[in-house]
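Let me put the sequence and the structure up before I write anything down.

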Amino acid sequence: MSEHKQLSTLAPNPGSVKPRTRKGRGIGSGTGKTAGKGHKGQKARAGGSIPAWFEGGAMPLYRRLPKVGFTSIQKVTGMNRFNLVNLDILDRHFADGSVVDAEALFAVGYATKNFNKAGVKVLANGEITKKLTVKVNAISEEAKAKIEKAGGTVELV
């Protein structure tokens, strides 16, 4: 018995649709008097909703927790920021007697494209055994001493 459904014969399943409740319409209705809202209080009033973040007047969580994070304007503008390079990297990637500057470090992959803006700083981690001419924006005192001890020269740009 395969009858085709017609749009005009469509109806919800029996018992699936209930009549809407009319609240506050007398004791006999089952939802009269307080209309299912209990007795008095903020939530019984018209427009009486409490926001999800409200904690009963206690100091709220978003005010109890410390404010985290700070972005320095120097970091945003790129001021006072260096491409950091250690002595062991200079020793590994450069031949004896070569000139080490920002362009040379960029060529071997140890400086970013904005090296002109950020600059290069050499730190003293590792040892150096080659005579290098180092032309950088900044250098630590210990790194300078190690380069000069190995017979190299340091020039601040």
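Below are my notes, one topic at a time.

**Before I start**

I remind myself that this is a predicted model.

**The core**

I went for the nonpolar core to begin with. The largest one has 22 residues. I looked up which of them have the most contacts inside it, and got Leu87, Leu90, Leu105, Val122 and Val134. Next I checked which elements supply at least two residues each: they are the helices α3 (87–93), α4 (102–107) and α6 (141–149), together with the strands β3 (120–123) and β4 (133–136). A general point to keep in mind is that nonpolar side chains tend to be buried together in soluble globular proteins.

I picked Leu90 to see what surrounds it. With its neighbours within four places in sequence set aside, Leu90 touches Val85, Val100, Leu105, Val122, Ile128, Leu132 and Val134.

**The strands**

I turned to β3 and followed its side chains.

Then I asked myself what β3 pairs with. Strand β1 (residues 83–86) pairs with β3 in the parallel sense, over 4 bridges. Val85 is the residue standing opposite Val122 of β3. I also found β5 running parallel to β3, with 2 bridges joining them. There, Lys121 has Ala138 of β5 as its bridge partner.

I noted an open sheet too. It has 3 strands in the order β2-β4-β6, with parallel pairing. Its edge strands are β2 (99–100) and β6, each of which pairs on one side only. Between β2 and β4 I counted 2 bridges, in the parallel sense, and Val100 has Val134 as its partner in β4.

**Helix α6**

Which residues of α6 are buried? I found Ala143, Lys146 and Ile147. They span an arc of only 95° around the axis, so they sit on the same side of α6. On the face turned away from that buried side I found the exposed residues Glu141 and Lys149.

I also wanted to know what covers the buried residues of α6. The cover includes α3, β3, β4, β5 (138–139) and β6 (153–156). Following the chain on from α6, I came to Gly151, which has a positive phi, near 100°.

**Salt bridges**

I went through the charged pairs next, and the count came to 3 salt bridges.

One of them is Arg64 with Glu55, at 3.3 Å from N to O. I checked how open these two residues are. Arg64 is partly exposed, with a relative accessible area of 48%, and Glu55 is partly exposed as well, with 34%.

Another is Glu127 with Lys146, where the closest N and O atoms are 3.4 Å apart. Glu127 lies in the loop between β3 and β4 and Lys146 in helix α6, so this pair ties together parts that are 19 residues apart in sequence. I looked up the accessibility here as well: Glu127 is exposed, with a relative accessible area of 54%, whereas Lys146 is buried, with 19%.

I also have Glu142 with Lys146, at 3.9 Å from N to O. Glu142 and Lys146 are 4 residues apart in helix α6, which means they are separated by about one helical turn. Salt bridges with shared partners join Glu127, Glu142 and Lys146 into one network.

I stopped at Asp91, which has its place in helix α3. Asp91 is buried yet has no salt bridge. How far away is the nearest side chain of opposite charge? That side chain is Lys130, and it is 4.7 Å away. A salt bridge needs the nitrogen within 4 Å of a carboxyl oxygen, so I left this pair out. Leaving aside neighbours within four places in sequence, I listed the contacts of Asp91 as Glu127, Ile128, Thr129 and Lys130.

**One look at the start of the chain**

Last, I checked Gly36, which is in the segment before α1 (61–64). Gly36 counts as exposed, at 70% relative accessibility. From Gly36 to Ile50 I noted 14 residues in sequence and 17 Å in space, C-alpha to C-alpha.

Methods. Residues are numbered from 1 along each chain as its sequence is written. This is a predicted model: local features need pLDDT of at least 70, side-chain atom pairs count only at pLDDT 80 or more; totals for chains, interfaces and linings use all residues. Side-chain values use heavy atoms; hydrogens and water are left out. A nonpolar core is a set of buried Ala, Val, Leu, Ile, Met, Phe, Trp, Tyr and Cys residues joined through side-chain atoms within 4.5 Å. Buried means under 20% relative accessible area, exposed over 50%, partly exposed in between (1.4 Å probe, protein chains only). Contact means heavy atoms within 4.5 Å. The arc is that of the directions from the helix axis to the C-beta atoms. Lys and Arg count as positive and Asp and Glu as negative; His and the chain ends are not counted. Two strands pair if DSSP finds at least two bridges between them.
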